[in-house]
Amino acid sequence: MKILAIETSCDETAIALLECTGDITKPQLTLLGEGLYSQVAKHAPYGGVYPNLAKREHQLNLIPLLKKVLTESNLENSKSEARNQKEIKEKITEVLAREKELLDATFDLLSHSEKPAIDAIAATVGPGLEPALWVGLNFGKALSIAWGLPFIPVNHMEGHVFSVLLGQEDHSKKIEYPALALLISGGHTEIDLIDASLNYTTLGRTRDDAVGEAFDKVARLLGLPYPGGPHISALAEISRMRRDQTHIHADIQLPRPMINSSNYDFSFSGLKTAVLYLVQKLGTLSEQQKQDIAREFEDATIEVLAKKTLRALEETGARTLIIAGGVVANKTLRATFEKKIREYPQVMLRIPTFALATDNAVMIGIAGYIRFVKNPSLFDIAASNPNAIPAEGNRPLQHKDTNASR
Ligand code: KG4
Ligand code: ZN
């Protein structure tokens, strides 16, 4: 089946079209088309993501991205006469009532193009920034209603989980259950155990900042732009190269918070505060000092994540280790896990490609497909009230006890 996927949970507007077959353990996935517009530059002056700006940008970007993706996938069908029935028009108007600009553009699109040969629509429903989530969610619902297609609301974090299934050369990958997932993004840091029915048990999570958030805050302390993760890791790499060449170890030490605690929880705000004190103590930082702080911060973070995740792997006997979320774009983190997993030959390590590490719509399409194959009858939008699918900024992953409602 062909799935059109939409992602607008934060500051990336993204649409993807995938062709999917196979069962939930080893789906065959082919990416037919993809469009991603990053709003990073627009939010940069605010030092973070400004929700109402994100909402406006998503409204402007969705239709051009959809057209691009349909053209790329050879699925664009033009038509001359407008033939939207009154009832459908009313429903779409209701669904997109709060996204007026997008409503007009959607009508325009629908009146100029036939239904493309797709079989379902998936869109992120949460977690994320609610004003941003609503735009993609309502757009997805409107297209489903107009084209008479199933609508699959997707959990953004589950999208990250299944981002590991699409390989570099379209070789679809496998997950064996139970699987352990380390989810590390700008808003989340948690370790989950996933059973074969796709129920999640959260073993531990951050008690304060998410890892990505810590990277972003430390970057700000070092005077680096938002989002800080890639900048920190670039500086850290310079520090590491210098250390390897000179064999001189910088005299900078940061704590490894909660590394020996007996649970699977994390805490990163103390690490960030330690960087703050260090920066205050050192005064004006040289480039070299910035690089050394970035390296020590990166090392501290990765050490804590690795130690706890590997202990969870041993204690649960999970067969696959999934590491996903924007922070998995970090090269040192990937290399660390790739090396350490060799001590566990019975475990498959699954990490997304760099392109699928940070937010994108491809992962939403994959997760949408997995949920759809598992239970297709849940997603008939014509039989349900579209207003009963709200954006949920804090939407949790599906636990056993919430199974019936998801
Ligand atoms: O998953 P994502 O794209 O968005 C959320 O759902 O939050 O993750 C974004 C986070 C940001 O905090 C960003 O700084 C971090 O991922 N990130 C990185 C790297 N690339 C992105 N953190 C560390 N190293 C990187 N190379
Ligand atoms: Zn994300």
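**Close-up views of a predicted model**

**View 1. Leu 198 and its loop.** Leu 198 lies in the loop that runs between E7 and strand E8 (200–205). The model shown here and in every view below is predicted. Although Leu 198 is not a glycine, its phi is positive, at about 65°. Most residues other than glycine have a negative phi.

View 2. Gly 126 and Pro 127 are joined by a cis peptide bond, with omega about -5°. Pro 127 sits in the loop between strand E4 (120–126) and H5. Another cis peptide bond joins Tyr 226 and Pro 227, and here omega is about -10°. Pro 227 belongs to the loop between H7 and H8. Most peptide bonds are trans.

**View 3. His 188 and its contacts.** His 188 is placed in the loop between strand E6 (179–184) and strand E7 (189–194). Which residues does His 188 touch, not counting residues up to four places away in sequence? They are Pro 127, Met 157, Leu 183 and Ala 210. Pro 127 also takes part in the cis peptide bond with Gly 126. From His 188 to Gly 326 the C-alpha to C-alpha distance is 9.8 Å, while the two are 138 residues apart in sequence.

**View 4. The shell around ligand 1.** There are 19 residues around ligand 1. Those that come nearest are His 160, Gly 186, Asp 216, Gly 326 and Asp 359. By class, the shell has five nonpolar, twelve polar and two charged residues.

**View 5. Polar atoms facing the oxygens of ligand 1.** A polar backbone atom of Gly 186 is 2.8 Å from an oxygen atom of ligand 1. For a polar backbone atom of Gly 229, the distance to an oxygen atom of the ligand is 3.1 Å. Asp 359 uses its side chain: an N or O atom there is 3.0 Å from an oxygen atom of ligand 1. How much of the accessible area of ligand 1 does the protein cover? On its own, ligand 1 has 550 Å², and the protein covers 88% of that. Helix H6 (156–162), helix H7 (211–221) and H8 are the elements that give two or more residues to the shell.

**View 6. H8 against H10.** Two packed helices are described by the angle between their axes and the distance between the axes. Helix H8 (residues 229–246) packs on helix H10 (residues 287–316) at about 100°, and the axes are 7 Å apart. H8 and H10 are therefore roughly perpendicular to each other, since their angle falls in the 65 to 115 degree range. The contact residues divide into six nonpolar, four polar and eight charged. From H8 come Ile 232, Ser 233, Leu 235, Ala 236, Ile 238, Ser 239, Arg 240, Arg 242 and Arg 243. In H10 they meet Gln 288, Lys 290, Gln 291, Asp 292, Ala 294, Arg 295, Phe 297, Glu 298 and Asp 299.

**View 7. H3 against H5.** The axes of helix H3 (residues 86–95) and helix H5 (residues 130–147) cross at roughly 175° and come within 9 Å. Are H3 and H5 roughly parallel or roughly antiparallel? An angle over 145 degrees counts as antiparallel, so H3 and H5 are roughly antiparallel to each other. H3 contributes Ile 88, Lys 91, Ile 92 and Val 95 to the contact. H5 contributes Asn 138, Lys 141, Ala 142, Ile 145 and Ala 146. By class, the contact has six nonpolar, one polar and two charged residues.

**View 8. H7 against H9.** H7 packs with helix H9 (residues 269–282) at an angle of about 5°, with the axes 10 Å apart. That angle is under 35 degrees, so H7 is roughly parallel to H9. The contact residues divide into five nonpolar, no polar and two charged. Lys 217, Val 218 and Leu 221 of H7 meet Lys 272, Val 275, Leu 276 and Val 279 of H9. H7 is also among the elements that give two or more residues to the shell around ligand 1.

Note on methods: Residues are numbered from 1 along each chain as its sequence is written. Chains are lettered from A and ligands numbered from 1 in the order in which they are written. This is a predicted model: local features need pLDDT of at least 70, side-chain atom pairs count only at pLDDT 80 or more; totals for chains, interfaces and linings use all residues. Side-chain values use heavy atoms; hydrogens and water are left out. Axes are lines fitted to C-alpha atoms, for helices over the stretch in contact, and angles run from 0 to 180 degrees between N-to-C directions. Helices (H or I, at least four residues) and strands (E, at least two) are DSSP runs, numbered from the N terminus. Contact means heavy atoms within 4.5 Å. Ala, Val, Leu, Ile, Met, Phe, Trp, Tyr, Cys and Pro count as nonpolar, Asp, Glu, Lys and Arg as charged, and the others, Gly among them, as polar. A residue is near a molecule or strand if one of its heavy atoms lies within 4 Å of it. A polar contact is a pair of N or O atoms within 3.5 Å; within protein, one must be able to donate a hydrogen and the other to accept it, and residues adjacent in sequence count only if both atoms are side-chain atoms. Accessible areas come from the Shrake-Rupley method with a 1.4 Å probe; for residues, only the protein chains shown count as cover.
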